[in-house]
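Subject: Structure handover

Hello,

Here is the structure I said I would pass on. My notes on it follow below.

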Amino acid sequence: MACAAVAPLAAAAWPWNARAQAYSPLVEDLVIQQVPGAPIYFALGHPGVPSAANGGHTSNAGFVVTDAGVVVFDTLGTPSLGLALLRKIRAITDKPVKHVVLSHYHADHIYGLQAFRDETDANIVAHAKALDYTAAGNTDDEAGEPRLAQRREALAPWVNADTRIVLPGIVFRVAAEIRMGAHQFQLVYAGPAHSMSDLMMFVLPERVLFAGDIVQNGRIPFMASAAVNTLNWLAGLQEVASLQPAFIIPGHGKTATGAAEAISFTNTYIRFVRRAMGEAVAQWTEFDAAYKSTDWGPYKEMPAFGASNRGNAYRVFLEIEAETLAAGDATKTPQ
Ligand SMILES: [Zn+2]
């Protein structure tokens, strides 16, 4: 069946229903853009970290309208933003939302999920590691419950006592594929890299890649978590290149039409931090001294530098220390 254009629904006026009335209105309209010539849409967040000024709108999300229904990728950083995304989908198509795929379980990508859970029958799909997000044994700096407590303060009123973490209903470990109408969605596990549960979604036949936070542009990426593995992250960036996408929608920042352009910033930044901290570990320099003596150059002027860079450097310092110890152990292993 052809995808007929539909007029925006009258019911699109805020709010939709009793539950939606509890959501605080956005600070600004959610702007939806379209991949040229494709039934693929996206919203781009602001640079920097979630704050009252940006209403928590710092991450990107998107959706694909197929003949058989809609596939959504990520749900933005507050229930209000998630509901706004759903309203925009319903203004573009009357086809049901069938699948909501999460790039990874971090607050800025999943707090919109509850709107999709409450308003649609969609499957919620993520990597199996996402199930650990709220587990009692998860001591990661981005663990679900402590982060939610922090965001209820930092992002009130949009994140509040009624904000809840919705876990996936369908998970996979290595790779998965969704077929919908003439579309194919290849889900590729790329973690642990930025988080434990990173995945990318490659949309065929258009060759559009939703890269999640493996690709970030225009701000210092967040790497200050124990789950971060920068070697896997660099491998994930190479995977982006090997897929040869025609259009890339990153987890943060601007889109790109070529892999080289898309991965350049993240790739260069991770390598820069690894080189600086690698030298410090090799010379037995303490972290504080190494951090102070590093010339952070143009990165100092970028959004999220103040919030993320020192923590990023510290995590990479620990990671390279561990890599060095592991290499030392390997040389002691009897041949
Ligand atoms: Zn993110």
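**Overall picture**

The protein chain has nine helices and twelve strands (helices are DSSP runs of H or I with at least four residues, strands are DSSP runs of E with at least two, and both are numbered from the N terminus). Its radius of gyration is 20 Å, close to the 20 Å that the globule rule gives for 335 residues, so the chain is as compact as a globular protein of that length. That radius is taken over C-alpha atoms, and the globule rule is 2.2 Å times the number of residues to the power 0.38. The C-alpha trace spans about 65 × 40 × 40 Å along its principal axes.

This is a predicted model: local features need pLDDT of at least 70, side-chain atom pairs count only at pLDDT 80 or more, and totals for chains, interfaces and linings use all residues. Residues are numbered from 1 along each chain as its sequence is written.

The average pLDDT (the predictor's confidence in each residue, from 0 to 100) is 91 for the protein chain, and 92% of the residues score at least 70. Over residues 1–14 the pLDDT stays under 50, and the model has 15 contacts beyond four places in sequence for this stretch. Two residues are in contact if their C-beta atoms, placed from the backbone, lie within 7 Å. Among the contacts in the protein chain with a separation of 6 or more, 69% are between residues 24 or more positions apart.

Of the 335 residues, 46% count as buried. A residue is buried if 20 or more other C-beta atoms, placed from the backbone, lie within 10 Å of its own, exposed if 12 or fewer do, and partly exposed in between.

Strand 3 is largely enclosed by the rest of the structure, because six of its six residues are buried. In a regular strand the side chains alternate between the two faces of the sheet. In strand 3, Ala61, Phe63 and Val65 are buried on one side, and Gly62, Val64 and Thr66 are buried on the other. Strand 3 runs antiparallel to strand 2, with four bridges, and Phe42 stands opposite Gly62. Strand 3 is also antiparallel to strand 4, with five bridges; Val65 has Val70 as its bridge partner there. Strands 3 and 4 form a hairpin with two residues between them.

Further along, strand 5 (residues 97–101) and strand 6 (residues 123–127) pair in the parallel sense over three bridges. Val100 has Ile124 in strand 6 as its bridge partner.

Strand 10 (residues 199–204) and strand 11 (residues 208–216) are antiparallel, with three bridges, and Val203 stands opposite Val208.

**Two loop residues**

Gly112 is in the loop between helix 3 (107–110) and helix 4 (113–119), and counts as buried because it has 28 C-beta neighbours inside 10 Å. Gly112 and Thr75 are 37 residues apart in sequence but 4.7 Å apart in space, C-alpha to C-alpha.

Asn138 is in the loop between strand 6 and helix 5 (144–154). Asn138 has 19 C-beta neighbours inside 10 Å, so it counts as partly exposed.

Regards

Methods
Pairing = 2+ DSSP bridges.
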